[in-house]
Amino acid sequence: MPHQLLWLIFLLPLFSFIIISFVLRPFCNDKPQLGGYTTIAAIGGSFVISVFALFAVMANSGHALPVPDIEWVLIEGGVSIHLGLLVDPLTAVMLIVVTVVSLMVQIYSQGYMHGDAGYHRYFAFMSLFTASMLGLVLADNLVFMFVFWEGVGLCSYLLIGFWFHKPSAANAAKKAFIVTRLGDFGFLAGILALYFNTGTFDIAMLHELAVTGAISGTILTWVAIGVFSGAVGKSAQFPLHVWLPDAMEGPTPVSALIHAATMVAAGVFLVARTFPLFEHSMEAMTTVAIIGGFTAIFAASIGLVMTDIKRVLAYSTISQLGYMMLGLGTGGVAIGIFHLFNHAFFKALLFLGAGSVNHATGTFDMRQMGGLRKVMPWTYATFVIASLSLAGVWPLAGFWSKDEILASSLASQPILFYLALITVFMTAFYMFRAIFMTFGGEYRGGAPEAHGHPHESPPVMVVPMVILAVLAVVSGFWNVNGQFSAFMGHGAGHGPGFFAVLTHPLPLLSLVVAILGIVLAYAMYSAKWLSAERIRGMFGPIHTVLAHKYWFDELYEDVFVRKSMINGFFAGLQQFDTNVVDGTVNGVADGTIAGGRALRQIQTGQLQLYGLFIGIGILAIMLSVLFFG
Amino acid sequence: MLVGLEHYLILSTVLFAIGLYGALSKRNAIIILMSIEIMLVAVSIALVAFSRYIVPLALTGQVFVIFIMVVAAAEAAVGLAIIIAIYRGYETIDATKINLMKW
């Protein structure tokens, strides 16, 4: 396969976006299904090329493929930015993740978004998003990557606010964009600082410079922290996590693709991509690990009490991203990315399942669902498989990656290990609480305006879910004997082995903790041995704190934005503008007018006065000639 | 005593000053015209005096004075015509009352 074809990976979805926007939407508005077909064809093509790319990288023994690049910006004095692709093992893995999940979501969307008035717009934005994400993954220099970084942020805004006439959706879109912008500011500062210290944006060169020690010490730490702040924003880590739960206002396939599997993973990918910067700065690694570990338990605690199924999944995503950061910060690229790889499949599947449930009942509120396992067997089965994988039950995918993270955190930061272990319990608990509330018991009626009885979703929605379920089971096997780590360049490829759970204490411990979580959820929500209401009463204050999400939204919106900024700082700036700036301009004008009013007194209209001035002038000239020659 | 150049120049200066004072401070327009004539006469005296005492055979100053007298006559005629036109419009020839160019 000629390496120029690799450019098509992100160009095909881009062409799809252009075709849908400029050809299909204006001219073929009565045949909306064409938009879906175009997108699926483009992403299918990207998927095929990505598979070839994966095999090519494997055949190249893990080294990057040479890809021809173009010179994009050349400024006199040495600033030169190339457009090129970096296709190494990390890229190849991410390409598979993005194209597979995107393809499944697009197929599913045909069913979910059927009949929506913005069908073409939806697929156009989905194509653009996939193109941006693939471009981000493929980019070989930080400027190129930043362009696509902003591109995915834009598409996230467009898709969260897809039903923009709903004020809550419009506000959620704004919130997402602005909060991630805060992180992007740090990212840009990091990129520029890196450029000023090294003179290059190219990622491969930066790796070498970091390894050889050309950038070191405090500069390296600050640059790494800057880059990480971009990741904190995009991956919704604490304290910039507030946008992701609100982003659930968008259509559910959007949540599956963007806010579960791909865009939020871009932050993790960024840290992995620039990993040598972090490797050589102890402080940066510790920061990543601590923020990741804290976010994991923080978000999981909030997920325990949510009643909206998508909110549970959103907090679960934040928590799992924290796990990935923890893995990166304590163990390295392979561990974090392996969890990203597995997580993408089962989290996307969970969101698609939530969408399927919504399609049937008309609501996302779990208190109005129940008993769906009888009427939606496929959705139920795939949802359970994905939840077991997420909870980390052997031998499903999540078990393998989570186990690695626990092992590496125990070795580096024991406190974070205990937090992560508690999070395993919480994760299992809230997922199965969601399952028992949604699928167990009896149907509680669904949305008030729902029509009739719920039924299984059409095959166009179920088939992608089944495919993702298969992946959720088998994707973890890649690292059973350590092949994934070896492929990513870490170690000689010795993995835990398939039956390690029976012989080693740590995997066994994590499995037991996960099962305990499932059992507690069963006890509270299914068999009702313990009453959920009584426990809520016992832990009343804690429940209130969790249900209000630790009041972070109120902190940010009321205290920071409203009081400090709008009424404080911005009001001060407005006073400055009105009084000082406008005052100066008006003052100059008023001064001119006053001066004119004073000076015009000379014009009396009386000829003799003018004559007098002429005489005085002549006298002055004569005297000056007399005295000064 | 012998009459020298300086006596004529002092006369000329005094006459010019009288004329200037009248032109700038009198209200009646005809008086202003007369004052301007006095100024012209003063200048003529100075010119003739210079000519007689410095280059007596060239007669330069005297010829110049002839020209000045012609111009003065024409100017007086035009000035009086203007005064009559103003009187027709304003019923007065008080120079302080003609102030259309006032701001």
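Modeller: A nonpolar core here is a set of buried Ala, Val, Leu, Ile, Met, Phe, Trp, Tyr and Cys residues joined through C-beta atoms within 7 Å. The model is predicted. Its largest nonpolar core holds 197 residues. The members that touch the most other members are A:Val101, A:Val268, A:Ala348, A:Leu349 and A:Ala472. Helix α15 of chain A, residues 333-361, supplies the largest share of this core, with 18 residues. In soluble globular proteins, nonpolar side chains tend to be buried together.

Take A:Ala348. Set aside its neighbours within four places in sequence. A:Ala348 then contacts A:Val101, A:Met104 and A:Val105, among others. Its contacts also include A:Ala256, A:Leu257, A:Ala260 and A:Ala261. A:Leu468 is another partner of A:Ala348.

Now the packing of α3(A). This helix covers residues 89-112 of chain A, and its axis comes within 9 Å of that of α4(A), residues 119-138. The two axes cross at roughly 175°. An angle over 145 degrees counts as roughly antiparallel, so α3(A) is roughly antiparallel to α4(A). On the α3(A) side, the contact is made by A:Thr91, A:Met94, A:Leu95, A:Val98, A:Ser102, A:Gln106 and A:Ser109. On the α4(A) side, A:Tyr122, A:Met126, A:Thr130, A:Met133, A:Leu134, A:Val137 and A:Leu138 make it. The residues of this contact divide into 9 nonpolar, 5 polar and no charged.

Next, helix α26 of chain A, residues 607-628. Its 22 residues should span 32 Å at 1.5 Å a residue, and the end C-alpha atoms are 31 Å apart, which agrees. The number of buried residues in α26(A) is 0, so this helix lies largely in the open. A:Gly629 follows α26(A), with a positive phi near 70°.

Helix α26(A) also packs against chain B. Its partner is helix α1 of chain B, residues 5-25. The axes are 8 Å apart, at an angle of about 140°. The two helices are therefore oblique to each other. From α26(A), the contact uses A:Gln608, A:Gly611, A:Leu612 and A:Gly615. From α1(B), B:Leu20, B:Ala23, B:Leu24 and B:Ser25 take part. The residues of this helix pair's contact divide into 4 nonpolar, 4 polar and no charged.

Last, the contact between the chains. Chain B gives 11 residues and chain A gives 10. The chain B side divides into 7 nonpolar, 3 polar and 1 charged.

Methods: Residues are numbered from 1 along each chain as its sequence is written. Chains are lettered from A and ligands numbered from 1 in the order in which they are written. This is a predicted model: local features need pLDDT of at least 70, side-chain atom pairs count only at pLDDT 80 or more; totals for chains, interfaces and linings use all residues. Axes are lines fitted to C-alpha atoms, for helices over the stretch in contact, and angles run from 0 to 180 degrees between N-to-C directions. Helices (H or I, at least four residues) and strands (E, at least two) are DSSP runs, numbered from the N terminus. Angles under 35 degrees count as roughly parallel, over 145 as roughly antiparallel, 65 to 115 as roughly perpendicular and the rest as oblique. Two residues are in contact if their C-beta atoms, placed from the backbone, lie within 7 Å. Ala, Val, Leu, Ile, Met, Phe, Trp, Tyr, Cys and Pro count as nonpolar, Asp, Glu, Lys and Arg as charged, and the others, Gly among them, as polar. A residue is buried if 20 or more other C-beta atoms lie within 10 Å of its own, exposed if 12 or fewer, and partly exposed in between; C-beta atoms are placed from the backbone. The expected span of a helix is 1.5 Å times one less than its number of residues.
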